[in-house]
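Please keep the structure in view while reading.

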Amino acid sequence: MDINPLDTEKIGIQTLEKQLMKSESEISLKIGLPREVSNDERRMCLTPGGTSVLTSNGHEVYVEQDAGAEAHFTDQEYADAGAEIAFSIDEVYKKSELIVKVAPPSESELELLEQDHILLSALHLGNTTEEFIDTLINKNISAIGFEFIKGDDKEFPIVRMMHEITGSMSVQIGAHYLEKADGGQGIMLGGISGIPPATVVILGAGITAEYAARTALGYGAQVFVMDNDLARLRHLENALDRRIITATANYQYLSSALQYADVVIGAAMFEGKRSPCLVTEPMVTSMKPGSVIVDTVIDQGGCIATSKATTHSKPTFIKHDIIHYCVPNIPSNVARTATYALNNVIVPYLLAIGDAGGIRECLWTNTALRNGTYVYKKHLTKKSLSKIFDMPYREIEMLIASQI
């Protein structure tokens with residue numbers, strides 16, 4: 001078998017050895033990448049390079065025509081990487097056993113899911129319905145959500161990647177909408193000599209907040225970070241050399257900070273749960289006219305009372321003279337960068353499923369994917385979702401063990 005030396009850089013010596021001699025436990029996966037159809041979603045989960053790694057390991061990849069166009073990846077690039085280009089979304093679902101996509105399936109896509117399909121996608125807790133979960137359960141879908149995938153190191157790798165992008169972009173967005181042409185106050189985020197900078201208030205002290213704070217400091221803004229987790233605030237202060245001002249997110253401090261805020265970035269969330277609503281409508285009415293709210297956790301329900309989901313096509317609305325930007329998939333606007341980020345995390349998981357010999361075997365050994373599974377063998381497997389929808393659930397470990 002001829003092997004291109006350049007492949008060594010792509011997939012490493014160990015993967016090449018697997019390519020030459022697969023063990024009996026390994027299987028060939030049929031992986032489908034449909035074109036995203038909801039919420040102006042422009043990202044893909046796999047790049048042509050990632051596709052090449054999968055096909056080199058004996059897996060079949062079906063990419064819907066023009067699926068990568070918005071991220072500037074052509075059908076020809078995917079075909080050259082070994083993928084088969086499908087000319088309809090129906091064809092992708094019929095030929096594939098494992099569907100990999102960014103946004104949760106739409107209603108029409110749910111109908112295309114067949115018995116025993118594996119679904120790897122985001123869940124978007126703020127928009128998830130009981131009917132959606134019931135459909136996955138009734139069709140015996142094995143569903144793995146980006147928001148739940150957590151490794152032995154307690155990190156959420158896909159969430160972290162997207163939150164890094166979201167945090168940085170949220171400040172760019174806030175700076176843009178402060179400009180007068182977009183209805184803002186007509187001020188620069190960083191100010192200039194003799195003129196003080198704008199004030200950025202960040203709600204939450206997680207990854208999104210950290211990258212928002214770093215970017216805002218880079219602009220020269222005055223930055224407040226508010227959270228009720230003192231350990232997180234302490235960590236962020238140390239990480240940013242105490243260049244930020246921190247405070248607990250109680251009523252007194254929130255009310256005071258919002259009156260002076262030029263940009264408010266909502267980034268308060270709990271992993272795998274809906275976001276806490278920290279800002280009430282009266283607090284919003286107290287803000288300066290022409291100020292900007294960027295609610296980055298609207299896909300988790302939002303952390304500001306006046307927030308409602310918007311789209312990239314119509315990203316803002318004005319309420320109480322405050323500009324609200326509440327797009328749930330902010331990284332979609334940098335689709336190429338975001339696709340590379342998703343690819344880097346997802347490809348090893350897909351290889352792991354194939355190497356293990358199937359989804360059950362992989363869930364037994366792979367902590368991250370086991371944590372990420374929220375529907376398996378006609379059961380809801382997440383306690384947090386059980387509480388939200390008042391549905392029964394079973395521990396994933398029990399379901400896997402019962403198959404042995």
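Helix H7 (157-177), helix H8 (207-219) and helix H9 (230-239) each supply at least two residues of the lining of the largest pocket. The model is predicted, so local features need pLDDT of at least 70 and side-chain atom pairs pLDDT 80 or more, while totals for chains, interfaces and linings use all residues. Residues are numbered from 1 along each chain as its sequence is written, and side-chain values use heavy atoms, without hydrogens and water.

**Largest pocket**
- Its volume is about 520 Å³, a volume being the space filled by probe spheres set on grid points joined across faces, edges and corners.
- A pocket is an open set of points on a 1 Å grid over the protein atoms alone where a 1.4 Å probe fits, with protein on both sides within 12 Å along at least five of seven lines; lining residues have an atom within 4 Å of a point.
- Of the 27 lining residues, Ala205, Gly206, Ile207, Arg232 and Glu271 lie nearest the centre.

**Strands and crossovers** 
- Strands (E, at least two residues) and helices (H or I, at least four) are DSSP runs, numbered from the N terminus.
- Strand S7 (residues 199-203) pairs with strand S8 (residues 222-226) in the parallel sense over five bridges; two strands pair if DSSP finds at least two bridges between them.
- Leu203 has Met226 in S8 as its bridge partner.
- From S7 the chain passes through H8 to S8 in a right-handed β-α-β crossover, meaning that the path runs clockwise from the first strand over the helix to the second, with the strands pointing away from the viewer.
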